Amino acid sequence: QELTAHVIGYVGRIDEDDMEKLNKSDYLGSTHIGKLGVEKSYEDVLHGHVGHEQVEINAQGRIVARDLPGSATPDPGKNIYLTLDISLQKIAAKALQGKRGAIVAIDPNNGNVLALVSSPAYDPNLFVNGIDAITYDVLLHSRDAPLLNRALQGKYPPGSTIKPFLAVAALANGIRAPDDDFWCPGWYALKGNAHHYRDWKKEGHGHVNLRYAIMQSCDVYFYSLANDPGITRLHDALTDFGFGKKTGIDIGNESNGMVPSPEWKRKTYNQPWYAGETLIAGIGQGMILSTPLQLATATAALANHGKLIPPQLVYAEKDIITGAVAVQGRKPSRQIRMYDPSYWKIISDAMIEVVHGEFGTARRSGLNAPYRFAGKTGTSQLIGIAQNEEYRKEETPEEFQDHALFIAYAPAEAPQIAVAIIVENGGSGSGSAAPIARILFDHYLLKQPPG
């Protein structure tokens, strides 16, 4: 039950709030209702509708006529089928090893959700007949937050996983050409400002172009890439990929995330937007927040060259009387701006280098793979570091250590699966998150059990 708790949800006793929203006649014989997840979103389908019979009785109270006009036969609830690959779901949950985090896997060809894991999970059976106050209080205030559906509601700085999306927009808008040469000394400074915005590689990357900047995750390159168009165009590029708004998944209860803008900051904090904040946004830090589901959906759009497909969990409904199966309708997809097809290939090739290139940040995860996959590592920094200080993991309490992220799709040439992985306080994306993607891909594509 815990394996799919954050997907299926649970049923619970009907309470006063429920009765105010329900058709009471439909629930006269019911004591429970879907409270969360699929159970809630598809309550009408699963529950069905009661019937009623109009009859005529005589003075003695005996029925003399049945099925008069106005009678209605009962409509039993239907069975529903999910898009989940349950073996992939099991392996994804196992791969997180109980750590706080989330994994979302999507078929980029149709938006089917293949796996959706939020860790740690909880036992939904506790809620069916009413959970006791002590147990609920423990769950509610646990540091691990098991009740939080991290995949849909967890909001994280996407870190460097945001770079491929900004790169394709930069190509399309003429901000960068693929072979533009850029010098990275290990820091970037705004004109007239002495503050150095540092790269993760202290000594710098030297001469880089777009492909190398993605492969090595060069921060300085992306500081510059963000600064040139400014925050408004950066905002527009990210929202075009679905960041900052709900994906429209069919179980609802998801977060919008956040893509900041000068207007938003003025309205929210009554403060102006600063140029330094644009630089930080260019590497997925600062005020930018994304859910794992948004990241997976956007990664699927990279995989299929710009088709943004709303993710879906319910595949079909089955009438238990007739046996007829009806495939669930789909929300319309949207084509991200009609970029030159070559731009998508440039980004894909760069993400392949992340995994299979000699200097790729996730090259260990791609070793000896019988297929090629495209990926991007990311790290979410949770605490500020002074100009002349360095981050030392061993001196940082676990709850303040960096989050590890990885996005990827496979096979690179004809994608069948796209994933977004976050391991809270996991350190580097290459060390904690990317190996999980390899496990998932090996299982899904090669039908291999986890090693």
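Let's start with a charge and a ring: the charged end of Arg176 sits over the ring of Tyr221, 5.8 Å from its centre. Keep in mind as you look that this is a predicted model. The chain has 451 residues, and 50% of them count as buried.

**Charges over rings**

- Arg176 and Tyr221 make one such arrangement, with the charged end of the arginine over the tyrosine ring.
- Lys447 and Tyr444 make another: the lysine lies over the face of the tyrosine, at 5.2 Å from the ring centre.

**The chain as a whole**

- You can find 16 helices and 20 strands in the chain.
- The C-alpha trace spans about 100 × 45 × 45 Å along its principal axes.
- Take the contacts between residues at least 6 apart in sequence: 68% of them join residues at least 24 apart.

**Nonpolar cores**

- In soluble globular proteins, nonpolar side chains tend to be buried together.
- The largest nonpolar core here has 112 residues.
- Which residues have the most contacts inside this core? They are Phe165, Phe241, Ile417 and Phe441.
- Leaving aside residues up to four places away in sequence, Phe441 touches Tyr371, Phe373, Ala408, Tyr409, Ala410, Ile417, Val419 and Leu446.
- Another core, of 5 residues, lies apart from the largest one; among its members are Ala5, Tyr10, Tyr122 and Leu139.

**Aromatic pairs**

- The structure holds 13 aromatic pairs.
- A pair of aromatic rings is described by the distance of the centres and the angle of the planes.
- The rings of Tyr10 and Phe127 have centres 4.6 Å apart and planes at 20°, so this pair is stacked; the cut-off for stacked is under 30 degrees.
- Where do these two residues lie? Tyr10 is in the loop between helix H1 (5–8) and strand E1 (11–13), while Phe127 is in the loop between strand E9 (113–119) and helix H6 (133–141).
- The pair therefore ties together parts that are 117 residues apart in sequence.
- Are Tyr10 and Phe127 buried or exposed? Tyr10 counts as buried at 16% relative accessibility, and Phe127 is buried with a relative accessible area of 11%.
- In the pair of Tyr371 and Phe373, the ring centres are 5.9 Å apart and the planes stand at 45°, so the pair is tilted.
- Tyr371 is buried, with a relative accessible area of 9%, and Phe373 is buried too, with a value of 0%.
- Tyr10 and Phe127 also belong to one aromatic cluster, together with Tyr122 and Tyr136.

- Strand E8 (residues 101–106) and strand E20 (residues 417–423) pair in the antiparallel sense over 6 bridges.
- Ile103 has Ile421 in E20 as its bridge partner.
- Strand E18 (residues 374–380) is mostly covered, with 6 of its 7 residues buried.
- E18 pairs with strand E19 (residues 403–410) in the antiparallel sense over 7 bridges, and Ser380 stands opposite His403 in E19.

**A sheet of 3 strands**

- Another open sheet has 3 strands in the order E7-E15-E16, again with antiparallel pairing.
- Strand E7 (79–82) and strand E16 (325–327) are the edge strands, each pairing on one side only.
- Direction ignored, neighbouring strands in this sheet are turned by 25° against each other on average.
- How many bridges join E7 and strand E15 (residues 314–318)? These two strands pair in the antiparallel sense over 4 bridges.
- Tyr81 has Ala316 in E15 as its bridge partner.

Key
Residues are numbered from 1 along each chain as its sequence is written. This is a predicted model: local features need pLDDT of at least 70, side-chain atom pairs count only at pLDDT 80 or more; totals for chains, interfaces and linings use all residues. Side-chain values use heavy atoms; hydrogens and water are left out. A nonpolar core is a set of buried Ala, Val, Leu, Ile, Met, Phe, Trp, Tyr and Cys residues joined through side-chain atoms within 4.5 Å. Buried means under 20% relative accessible area, exposed over 50%, partly exposed in between (1.4 Å probe, protein chains only). Contact means heavy atoms within 4.5 Å. Rings of Phe, Tyr and Trp (its six-membered ring) pair if their centres lie within 6.5 Å; planes under 30 degrees apart count as stacked, over 60 as edge-to-face and the rest as tilted. A charge sits over a ring if NZ of Lys or CZ of Arg is within 6 Å of the ring centre and within 35 degrees of the ring normal. Two strands pair if DSSP finds at least two bridges between them. Axes are lines fitted to C-alpha atoms, for helices over the stretch in contact, and angles run from 0 to 180 degrees between N-to-C directions.
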